[in-house]
Amino acid sequence: PHIVSNNWVKPTFTSTNPIGIYLNFTRNTKVYNNTVLMNQPNGTAISMGAQSNYQNNHIKNNIMMLLANNSTGLCFDAAAGSSDSLDYNIYFKNNPAPNFVIMRAAGSDFLKSNFKGGNNLNFNSYYEDPLIVNYN
């Protein structure tokens, strides 16, 4: 299996749609214990490319933060069939709107209010500001 783990990712580049960790054509991949701080409003913390035959991918124990004011990006974005296990993660998005999409998994959008258990994912995940003291 492939492993992406124990990374601190804080992109400093500017792009139309920046992504902190991008996985494409992945199978049997474990994404564990990463912290991704996206400071651009349209950025995505972790993204997995679309392919129906992706399988056995596990995204666990990651912190995905979108800190730009009125952020419109996603904490996690995965097309249908690209993630088998998504749990024990912390999501945070700096957006005061009451109903905003925080993640997309298996082709479905999830709000802060309904991401736990949606598509049988994230039963033990949280939406909370992790209160990291120093982002530098």
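**Confidence, rings and a buried serine**

The model is predicted. Over the chain, pLDDT averages 87, and 93% of the residues reach at least 70. Where pLDDT is low, the predicted coordinates should not be read in detail.

Ser71 sits in the loop that joins β8 (63-66) to β9 (76-78). Its relative accessibility is 0%. The cut-off for buried is under 20%, so Ser71 counts as buried. What does Ser71 touch, leaving aside residues up to four places away in sequence? The contacts are Gln40, Pro41, Leu66, Lys93, Asn94 and Asn95.

Now turn to the rings. The whole structure holds three aromatic pairs. One of them joins Tyr91 and Phe115. The geometry is edge-to-face, with 5.5 Å from centre to centre and 80 degrees between the planes. Tyr91 belongs to strand β11 (residues 90-93). Phe115 lies in the loop between β13 (108-111) and β14 (126-127). The pair therefore ties together parts that are 24 residues apart in sequence. Are these two residues buried or exposed? Tyr91 is buried, at a relative accessible area of 0%. Phe115 is buried too, at 4%.

Ring pairs also build a cluster, which links Phe92, Phe100 and Tyr127.

Lys116 lies over the face of Tyr126, 4.4 Å from the ring centre.

Terms used
Residues numbered from 1 in each chain as written. Predicted model: local features only at pLDDT ≥ 70, side-chain atom pairs only at ≥ 80, totals over all residues. Heavy atoms only, no water. Helix = DSSP H or I, 4+ residues; strand = E, 2+ residues; numbered from the N terminus. Buried < 20%, exposed > 50% of the residue type's maximum accessible area, 1.4 Å probe, protein only. Contact = heavy atoms within 4.5 Å. pLDDT = per-residue confidence, 0-100. Phe/Tyr/Trp six-rings, centres within 6.5 Å; stacked < 30°, edge-to-face > 60°. Lys NZ or Arg CZ within 6 Å of the ring centre and 35° of its normal.
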